[in-house]
Amino acid sequence: MPRTPAVGQRLDDAAAERVEAILDAMTVPELVGQMVGTPPHADVDRLVEEVTEHHLGSVHFGDTPHNTPRRKAEVANRVQEASIDASRFDVPVFLRAMAEHGHAAIAGATVFPQQLGLAATRDPVRCRQAAAVAATEMRATGVHSTSSPIGDVARDQRWGRIPETFGESPRLCGDLASAMVQGYQGGDDPVVAVTKHFPAYSEGTRGEDQAPNDVSPYTLRRVHVPPYADAIDAGTGGVMPCYDSIDGEPVHGSARFLDDLLRDELGFEGYVLADYAAPGDLHGGHGTTHSLEESLYELVTAGVDVLPSGGADFAEPLVGLVEAGELSVARIRESARRVLRLKAALGLFADPLVDPDDAAATLGTEDHRAVAREVARASMTLLTNDGLLPLDAPESLLVAGPNADDIASQHGGWGNVADPEPLGDTVLEGLRAVAPDGTDVTYEQGAGLTETRDVDAARDAAAAADAAVVVLGEPDYVHEFRGSTHEFGPGEFPRRDSLSLPRAQIELARAVHETGTPTVCVLVTGRVLSTPWLAAHLDALLLAYQPGSAGGAVADVLFGHHDPTGRLPVSVPRSEGQLPVRFNHLPYPTMDNDAHLDAYDPLFPYGHGLSYTEFEYESVSAPEGPVGPAETVPVEVTVANVGDRAGAEPVELFVTDEVSSRVTPVRELAGTARVDLDPGERETVRFELGESVLGVVSPADGERTVEAGEFTVGAGDESATFTVERRRDYRR
């Protein structure tokens, strides 16, 4: 497909000439300044001083006390005015934010589900809408770039950053990452998307964040690189490397990954943004350099363009390296050019200031909140249902559990969840608002995340109720479970070595269940959790992920105002001992040809999700005759709504290469299409399969070759086969 130009490449001749004129006139400190940013400071005077005295080109606008829309805009303007006044060329500053699922660090912002919830929708359109809303709210407060989307493929359910991924399918990750890039960069209020964490952050040892990665070249090319290639084709303006080492090389200091692979092979033209603490990791963690100065040299020579966090501590050593002849002026000018072109493409030279009144009016508007609620509804994944759902106007409804009335747990990481109060309604508030007239909604928490509260009160209230909703799960956290409002120590919850709920939460669920009252459990959680007891004993189990500011979306689904259309983007293991478990695992030799299927026997499989209606897959059709290895193969899937309610079905087509020169997955996702059907309606979805789906990956260069032989394609319980003929040799 034609490559979409990155944001920094979209310049008219006049803007490009202006950038080149500035570059030609800049001194070494001024050029270096464009490569260096400063971390957020509560003291705005200090922030301004660092930017102006060291020509700094960017500010990492993170979680600071000035976190209301108006105050954020005022601080952004002050920094911009100071930067322009101090610059000989009126160069504005570039403001970045950790806005991974909405402009969530700002109180009053619209907060969307984390990426795992977005992936459950299987809907690129909704992902684009969410990103576009986030971009509008960022630009209103003076922010120009977000550290999103995340291209990492979920490979270990223990990993603390699973909530930030689009799940375990490289195809789904690539499709939705591309949609997010388009949403961020393609609207009237564009911000620069930075796709991260290139190229394989998610397969660290033991599922530990930042752990060494021993992924093979074949798995690297087959699983981890494709989502980044897709995001680059979508025009992502930035790429962030991963913290870990691969094959013994810290990626931030590796020209093999950042120059040879990212730029030469994948054709990336945007800017490479170092992760926040990466410069200190080479000497402080990986042990591959002796000092900060040496680490900075390694990062820049490897291909990093912007160091977001160091301020003067990074700028001064870099200037010294250039003046000493260690770094060339041409190399730093190359990075400065990428930054200045981004600023020009975003219109910052013409109009860098924002209106604080407009910021206050733009964030969290009714229209934006409506989009967030619709996205959250579409993510809701119904795991079990013995007929309890949808709830049918009970006279009394008990709501219990630690996550029933906790907006922080709904928001997830990378956001404001404390002071001032963030925007949004909790699950409890949503249930009270959506419950039919005459339904009495009572609340007894019964348990905290890790400790029992008043279980007896919850039990008594359940016994007196017609139905109960118990809301369990995890708190908000980032990276290795560092909490925004909760602090966790060794052995506490959540932790990497456990996918189980704490005893206190299970005891609460047992107490409510033992009353005999019909009970639904809602899981508000970042990662998927192993919950076999809940699945076996409660009447219904709904996975809400971290739904963001729209807790009412849970109520919409429970009361049947919206069909649960979410599907699992990652497999749910029966226990930690089953890991790794993923639908697209590789087969292995065995005397029992079906034994490899036993290796994938999760509690809930990838793609699982129930509906309030019933869908029937009527046929999968593929070409009957042989197709050429260079041909695009059309496959059609017909699905019908044979139930009595309207609903949506994410149609997923899987492909298996029956015989190949390298071991290929038992099945891999070929494509997804979401269809909305009224009762009695049917629709035929057409997929076009090319070499990106059918080709066998070369571990040397990532090239895909479609080999002769039989392929099986399947959707639902229907399947078909087609044959690829051998390549003809036309040489004489």
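The largest cavity has a volume of about 150 Å³. A cavity is a set of points, on a 1 Å grid over the protein atoms alone, where a 1.4 Å probe fits but cannot get out. Grid points are joined across faces, edges and corners, and a volume is the space filled by probe spheres set on the points. The model is predicted: local features need pLDDT of at least 70, side-chain atom pairs count only at pLDDT 80 or more, and totals for chains, interfaces and linings use all residues. Residues are numbered from 1 along each chain as its sequence is written, and side-chain values use heavy atoms, with hydrogens and water left out.

In total, the structure holds seven cavities of 30 Å³ or more. What lines the largest cavity? The lining has 16 residues, and Gln34, His55, Ser83, Ser87 and Val91 lie nearest the centre. Lining residues have an atom within 4 Å of a point. Helices (H or I, at least four residues) and strands (E, at least two) are DSSP runs, numbered from the N terminus. By class, this lining has seven nonpolar, six polar and three charged residues. Ala, Val, Leu, Ile, Met, Phe, Trp, Tyr, Cys and Pro count as nonpolar; Asp, Glu, Lys and Arg count as charged; the others, Gly among them, are polar.

Now the pockets. A pocket is an open set of points with protein on both sides within 12 Å along at least five of seven lines. The largest pocket holds about 1100 Å³ of space. Of its 39 lining residues, Arg171, Pro226, Asp230, Ser692 and Arg704 are closest to the centre. Elements giving two or more residues to this lining are H7 (170–185), H8 (217–233), S18, S19, H23 (691–694) and S21 (696–697). Helix H8 gives the most, with nine residues. The lining divides into 17 nonpolar, eight polar and 14 charged residues.

The second largest pocket holds about 890 Å³. It is lined by 41 residues; Phe583, Phe654, Arg667, Gly714 and Gly716 lie nearest its centre. Which element contributes the largest share of this lining? Strand S18 does, with seven residues. By class, the lining has 18 nonpolar, 13 polar and 10 charged residues.

Strand S18 also belongs to a sheet. Four strands form this open sheet in the order S19-S18-S23-S24, with antiparallel pairing. Two strands pair if DSSP finds at least two bridges between them. The edge strands, S19 (668–677) and S24 (718–724), each pair on one side only. Four bridges join S18 (647–657) to S23 (709–715). Here aspartate 657 stands opposite phenylalanine 711. S23 and S24 pair over seven bridges, and valine 713 has alanine 720 as its bridge partner. Their hairpin has two residues between the strands, and glycine 716 takes a positive phi near 60° there. Glycine 716 is also one of the residues nearest the centre of the second largest pocket.

Last, helix H13 (329–345). Its 17 residues reach 24 Å from first C-alpha to last, close to the 24 Å expected at 1.5 Å a residue. That expected span is 1.5 Å times one less than the number of residues. The buried residues of H13 include Ile332, Val339 and Leu342, along with Arg331, Arg338 and Arg341. Buried means under 20% relative accessible area (1.4 Å probe, protein chains only). Just after H13, glycine 347 takes a positive phi of about 80°.

Definitions and conventions. Buried means under 20% relative accessible area, exposed over 50%, partly exposed in between (1.4 Å probe, protein chains only).
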